[in-house]
Amino acid sequence: QILVMQDEWWLVDVAAGQPVRAKHIVDPQSWGATWLDVTDPDSSAFTGKGLFLADGSLIGTATHLWDCGSGGCSHRLFRFNHETLRFDPFGGSNFTNGGEQLVLSDDGRLLVNYGSFHVGCGMYTTYVNVTDLTTGDGRSFAFEQESFYELALSPGGNQFIIAQGTGCGSSVQDVWSVSCGLFDSFKIYPLQLWDWQANTRETLVPGLEPDWSDDRKHLVFRSCLAQAPDGQWKPIESGPPWLYVLSFDAGGYTIQPVAIGQSPSWQP
């Protein structure tokens, strides 16, 4: 099966020797998804992001107009059975606070659902739900007045790198991340190393598109940085953005510029 995501889902069967069969998922309500607290069940619902787990089951986010506000939508997590064509609440219940984004740990053990929900321009919250698929245990986090653009889960699932920035505003050229070409609208904040089990965070340097090496000793990311005379790396307004490698050591970390580029990833 291949999951194709645009505004809607297409589930395509490309098994050898069989004709291609596509299941077009326009509205998750037509496949059994329910929102028990929705006052107008006939109004529209729609699917978000999805991914296949190691056992072949399909997990996906979905939302309803009732879960949407002026600044976006809060998504709930469902398990889609592509044999019976049903959406069922993941874990037996609807997650009322969740985002569209999904991350699966490298060993397939942890499922992370996150996203930022805006009530208004100056009021927003990022929700992060971490579920251990082997035990069914889960933890939920709410970060008031913080907007996460990306979460990079470390190999082994012990830590995240948080890439965040302002959650509201307009494009202004005196913002370093806009003028250097890193981001087209908002200011980018420092990356943070988050131990989600202890719920502690360490501030690093500003950047986006973080990706861990398999040995968890290095992080590649994208930013506009320069080294000050005191040795500290700080954001600069001139571009273009570069890729940098941050290497962790016992005393902290070191940074090395690599090349101009985007969408970095490590060779397995």
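# Exercises on a predicted model

L219 lies in strand β19.

## Exercise 1: The surroundings of L219

Task: Decide whether L219 is buried or exposed, and describe which residues it is in contact with.

Solution. Begin with the relative accessible area, which is 0% for L219. Since a residue counts as buried when this value is under 20%, L219 is therefore buried. Next, leave aside the neighbours within four places in sequence, and L219 is found in contact with I161, L191, P210, D211, W212, Y244, V245, L246, F248 and W266.

## Exercise 2: The nonpolar cores

Task: State which residues of the largest nonpolar core touch the most other members, and which elements give two or more residues to this core.

Solution. The largest nonpolar core has 21 residues, and within it I161, L182, L191 and F221 touch the most other members. Two or more residues each come from β15 (159-165), β16 (190-195), β17 (200-206), β18 (208-212), β19 (218-223) and β22 (242-249). A second, separate core has 15 residues, L110, V130, F143 and F160 among them. To look at one residue in detail, take L182: when residues up to four places away in sequence are not counted, L182 touches W176, S177, I188, L208, R222, S223, C224 and P241.

## Exercise 3: A sheet that contains a hairpin

Task: Give the order of the strands in the open sheet that contains β4, and name its edge strands.

Solution. This sheet has four strands in the order β4-β5-β8-β9, with antiparallel pairing. Its edge strands are β4 (45-52) and β9 (86-89), each of which pairs on one side only. On average, and with direction ignored, neighbouring strands of this sheet are turned by 35 degrees against each other.

Now follow the individual pairings. Six bridges connect β4 and β5 in the antiparallel sense, and A45 stands opposite H64 in β5. These two strands form a hairpin with five residues between them, and in the turn G56 has a positive phi of about 90 degrees. On the next step across the sheet, β5 (residues 58-64) and β8 (residues 76-81) run antiparallel and are joined by five bridges, with F80 in β8 as the bridge partner of L58.

## Exercise 4: A second open sheet

Task: Find which strands are the edge strands of the open sheet that contains β10 and β13, and by how many degrees its neighbouring strands are turned against each other on average.

Solution. The order of the four strands is β10-β11-β12-β13, and the pairing is antiparallel. The edge strands, each pairing on one side only, are β10 (101-104) and β13 (138-144). With direction ignored, neighbouring strands are turned by 15 degrees against each other on average. For β10 and β11 the antiparallel pairing runs over four bridges, and the bridge partner of L102 in β11 is N113.

## Exercise 5: The largest pocket

Task: Work out which element gives the most to the lining of the largest pocket, and which residues lie nearest its centre.

Solution. The largest pocket holds about 260 Å³ of space and is lined by 14 residues, of which E100, Q101, G115, S116 and F148 lie nearest its centre. At least two lining residues are supplied by each of β7 (72-73), β11 (110-120) and β14 (147-153). The element that gives the most is β11, with four residues.

## Exercise 6: Backbone details in loops

Task: Say where L85 is found, where Q145 lies, and which residues a cis peptide bond joins.

Solution. L85 is found in the loop between β8 and β9, and Q145 lies in the loop between β13 and β14. Phi of L85 is near 60 degrees, a positive value in a residue other than glycine, and phi of Q145 is likewise positive, near 60 degrees. The relative accessibility of L85 is 32%, so L85 counts as partly exposed, and at 42% Q145 counts as partly exposed too. Finally, the cis peptide bond joins G239 and P240, with omega about 5 degrees, and P240 is found in the loop between β21 (233-235) and β22.

Technical notes. Residues numbered from 1 in each chain as written. Predicted model: local features only at pLDDT ≥ 70, side-chain atom pairs only at ≥ 80, totals over all residues. Heavy atoms only, no water. Core = buried A, V, L, I, M, F, W, Y, C linked by side-chain atoms within 4.5 Å. Buried < 20%, exposed > 50% of the residue type's maximum accessible area, 1.4 Å probe, protein only. Contact = heavy atoms within 4.5 Å. Pairing = 2+ DSSP bridges. Axes fitted to C-alpha atoms, helices over the stretch in contact; angles between N-to-C directions. 1 Å grid on protein atoms, 1.4 Å probe; cavity = no way out; pocket = protein on both sides within 12 Å on 5 of 7 lines; lining within 4 Å. Points joined across faces, edges and corners; volume = space filled by probe spheres on them.
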